[in-house]
Amino acid sequence: MAGNPDFNSLLSTTLQNYQPTLVDNIFKDLVLLNHLNERGRVRVEEGGTQIIEPLMYAINDTVATYSGYDAIDLTPQEGITAAEYDWKQMAASIAISGIEEAKNRGTEAIIKLLNAKIMQAEMSLKTTLNTQLFGTPSTNPAASDFNGLGNIIGSQNNTVGGIDASTNSFWNPTQATTMGATLALTNMADVYNRASKGSDVPDLIITNTALFEKYESLLTGNVRYQDVSKANSGFQNLMFKQTPIVFDLGIPSDGTPATDGPMYFLNTKYLKLTGLNGYWFKTTDFMNGTVAGVDARYALVLAYGQLTCSNRNRQGFMTADA
């Protein structure tokens, strides 16, 4: 192996010191991750075989008025269950080959090389996590992938969190009656209103660029209301009722014509991105490569977690043509 073995310690310390910045950048630059983080919906848990999300699917039927010595109903109540989600694992490797180290001799040069490698890993982690968190409507994620909105919100009568929505209708998301029609304010209002209950309403609507631009064209005159906090975070947005609409380049068109796309009405009160304590964007130490005689030093960035939902019915979904 070329170079100084003491570089393992130097590189490891540099990577560990950057770890908080790496996490901050991941949750700052992408609108879905930024919104979940700002809403306190990114949590770290100590562990467990699975992530358990308690949920209520029925009312307590014993609630009633009574007078004097009237008997009070003591019937045991059901209606409380739990969704169970498996942990998922994501990793990025950072490698510095022997020849790269030899060409970048000296502490300053090797740290500069490492910083470039970290930036590359950071960008790739952001892109991969963002893509998996959106997923594809009506498509189950790959067995090792994080859960996505396409599976949680963009699909009906499927199994999410161990609960089969085909036999538990309360577990289905709220979806538009007509899919794929030209985007109209009335269709958006229908999904929004049915996914709401009193003041419990969607707090983010997210779509692709085509439908965002179509929505902008539907607004009256020069009225362009924005959510200030989203604008201050660098995200273009418009308002629908009291909820900001944003777009993400990671959401593709969803059909034919190519301007078709999904629109998610998120109530993040019931969505949570959970990380496993000690393994949530953890960085490992650099070690000399030994597999197949590789002449390199390696470190890993590990992220164990999962996107969970505790109330799919409060989430809305539609597809539309721009």
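These are my notebook entries on a predicted model, with what I looked up in it.

**Entry 1: the cores**

I began with the nonpolar residues. In soluble globular proteins, nonpolar side chains tend to be buried together. The largest nonpolar core here holds 61 residues. Phe 27, Leu 149, Ile 206, Leu 266, Leu 273 and Phe 281 touch the most other members of that core.

Next I looked up the contacts of Leu 149, leaving out residues up to four places away in sequence. Leu 149 touches Leu 32, Leu 133, Phe 134 and Gly 154, and also Tyr 264, Leu 266, Leu 271 and Leu 307.

**Entry 2: aromatic rings**

I looked up the aromatic pairs, and the count is 9. Phe 27, Trp 280 and Phe 281 are linked into a cluster by ring pairs. Phe 27 and Phe 281 had already come up in my notes on the largest core.

How many of the 8 residues of helix H2 (residues 31–38) are buried? I found 6, so H2 is largely enclosed by the rest of the structure. The buried ones are Val 31, Leu 32, Leu 33, Asn 34, His 35 and Leu 36. After H2 comes Gly 40, which has a positive phi, near 70 degrees.

In H6 the buried residues are Met 188, Ala 189, Val 191 and Tyr 192. Looking down the axis of H6, I see these buried residues within an arc of 165 degrees, so they line one face of the helix.

In helix H7 (residues 209–218) I listed Ala 210, Leu 211, Phe 212 and Tyr 215 as buried. I then asked what covers the buried residues of H7. The cover includes helix H6 (185–194) and the strands E9 (204–207), E10 (238–240), E11 (243–247), E12 (261–266) and E16 (316–321).

**Entry 3: Ser 196**

I found Ser 196 in the loop between H6 and E9. Is Ser 196 buried or exposed? Its relative accessible area is 16%, and the cut-off for buried is under 20%, so Ser 196 counts as buried. The side chain of Ser 196 reaches the backbone oxygen of Tyr 192 at 2.6 Å. Not counting residues up to four places away in sequence, Ser 196 touches Val 201, Pro 202 and Arg 314.

**Entry 4: two asparagines**

Asn 130 is in helix H4 (residues 107–134). Its relative accessible area is 4%, so I wrote Asn 130 down as buried. The side chains of Asn 130 and Asp 248 are joined by a polar contact of 3.2 Å. With residues up to four places away in sequence left out, Asn 130 touches Leu 30 and Asp 248.

I looked for Asn 157 next and found it in the loop between helix H5 (149–152) and strand E5 (159–160). Asn 157 has 47% relative accessibility, so it counts as partly exposed. Leaving out residues up to four places away in sequence, Asn 157 touches Asp 164, Ala 165, Ser 166 and Asn 172. I also looked up how Asn 157 lies relative to Glu 45, which is 112 residues apart from it along the chain. Their C-alpha atoms are separated by 29 Å.

Conventions. Residues are numbered from 1 along each chain as its sequence is written. This is a predicted model: local features need pLDDT of at least 70, side-chain atom pairs count only at pLDDT 80 or more; totals for chains, interfaces and linings use all residues. Side-chain values use heavy atoms; hydrogens and water are left out. Helices (H or I, at least four residues) and strands (E, at least two) are DSSP runs, numbered from the N terminus. Buried means under 20% relative accessible area, exposed over 50%, partly exposed in between (1.4 Å probe, protein chains only). Contact means heavy atoms within 4.5 Å. A polar contact is a pair of N or O atoms within 3.5 Å; within protein, one must be able to donate a hydrogen and the other to accept it, and residues adjacent in sequence count only if both atoms are side-chain atoms. Rings of Phe, Tyr and Trp (its six-membered ring) pair if their centres lie within 6.5 Å; planes under 30 degrees apart count as stacked, over 60 as edge-to-face and the rest as tilted. A nonpolar core is a set of buried Ala, Val, Leu, Ile, Met, Phe, Trp, Tyr and Cys residues joined through side-chain atoms within 4.5 Å. The arc is that of the directions from the helix axis to the C-beta atoms.
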